[in-house]
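Subject: Structure for your review

Dear colleague,

Here is the structure we discussed, handed over for your files. My notes on it follow below.

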Amino acid sequence: MKKVLMILLAAGIAILLGVAVVFLYLFPKGETIKEVESILTEEPEQVETEENVTDSPQSSTNPAAVKEIHITGLKAQRISADQIVIEWADDQDGLISSYIVQKFDNRIENREHIWTNVGKMNTGDHNRGEPYTYTDKLESSEPQQYVYRVLPQLWDESVYVAADEPGVLCSNVKICIDPGHYAGKNEAGDGYAEGDFTLHLALELKNLLEAKYGITVCMTRDSGSISIGGYKDAALDNGHISLRGTYAAEEGCDLFVSVHTNANEENANGAGTFEQPVSIDKPIIIANDLVLDSGQLCDVCNAVGQNLAQTSYQLGISSHKAFTEVSGGRAAEWTTAYNDSTTEQGAVVCRHGSHGQYYGVLRGAEEAGVPGIIIEHGYHTVEQMRKAAMNGELKAIWADADAKGIAAGFGFHNYTNEEK
């Protein structure tokens, strides 16, 4: 019995020693029991491993990890009336097996942007470091306007996805813009000179046609001076002005547009030459016969004239809101009486002389096979027009009216970033 008691006592002592050891371990710095309970019930700290990283681009199970691949350097350029070249960079070739070139017709009203495949290029057939180029050969040379994009075919679609690109706009139409005269020509008071203003207007028009409608533009001059065929400024205008129109053919253009502001006979309407009433102010579109033979180009003239008439009326620099359109290719002949009239509204007209087209720029264009027009936007002999021009507002407003009219005549639509 005594031996049994000794064994039980030894066991009790061992248990007490064990409890003491545990107590010292749990309370090394004097924590309370409640603090220990908090430690024991606290959530374990998360350890980041390759298995639970969610932002790795290599994770194929997480949609957020898929990386968008963008086509860079994308542009389209008219080469001829039946060829448009699309170009883009090869900086993503390591991820891409091939590219598909697509387009949709931007001329269609209420269009749904239905993309059609134009062609395909394999990355394995490409010289690295050089841009890709693909030529879209059009079925005809009739005016056309398309939006192009390039769709990459990816090696690993679980990791990478093609970005939804808006595409780039291009047409097969090329226009030559001729800013009338040269710097300082036809000064009219208030600091205005026709040769200066026409350049500012033409540059605005060029930018709008290219950026908003995909129309290719060249210019007979982009500075105050002009030089063609070895003749410069006054020498060109006084004896070789037809070279301005010929230049459009040399550049392969579909339409020649000479940009001007108008004037009247000396002291017309019983007023000073440069003090004419607002009622004389009106847009006049002078067309050569090649324009009048084309229903589409007559539409261009009508649309430009209508736009200019309305904008000038709204600005208060003209009292004529309406515009007389050309119909059936038949336009009235220009006369001084019509030009200086305060009761006649703007119109599409023609003017012939003993050598065919009276105006040298239109004669040069026509003889070279290019349809051509002169746009007399308004009269710089009207003080209100000059002041609007010198205030800087007129060039942008008239350029917008021109651009919208030219595009409408061709059936072209705007395609800016806001509409993509």
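Which residue is the bridge partner of Lys75 in β3? In β3, Lys75 is partnered by Glu87.

Before the rest, the basis: this is a predicted model, in which local features need pLDDT of at least 70 and side-chain atom pairs count only at pLDDT 80 or more, while totals for chains, interfaces and linings use all residues. Residues are numbered from 1 along each chain as its sequence is written, and side-chain values use heavy atoms, with hydrogens and water left out.

Strands here are DSSP runs (E, at least two residues), numbered from the N terminus. Two of them pair if DSSP finds at least two bridges between them.

The open sheet
β2, β3 and β6 form an open sheet of three strands in the order β2-β3-β6, with antiparallel pairing. Its edge strands, β2 (75–80) and β6 (132–137), each pair on one side only. On average, neighbouring strands of this sheet are turned by 25° against each other, direction ignored; the axes behind this angle are lines fitted to C-alpha atoms, and angles run from 0 to 180 degrees between N-to-C directions. Five bridges connect β2 with β3 (residues 83–88).

Strand β23
In β23 (residues 372–379), eight of eight residues are buried, meaning under 20% relative accessible area with a 1.4 Å probe, protein chains only. Strand β16 (residues 255–262) runs parallel to β23 and is joined to it by six bridges. Strand β17 (residues 284–287) pairs with β23 in the antiparallel sense, over four bridges. Glu376 of β23 is the bridge partner of His260 and also of Ile284.

Regards

How values were computed. Buried means under 20% relative accessible area, exposed over 50%, partly exposed in between (1.4 Å probe, protein chains only).
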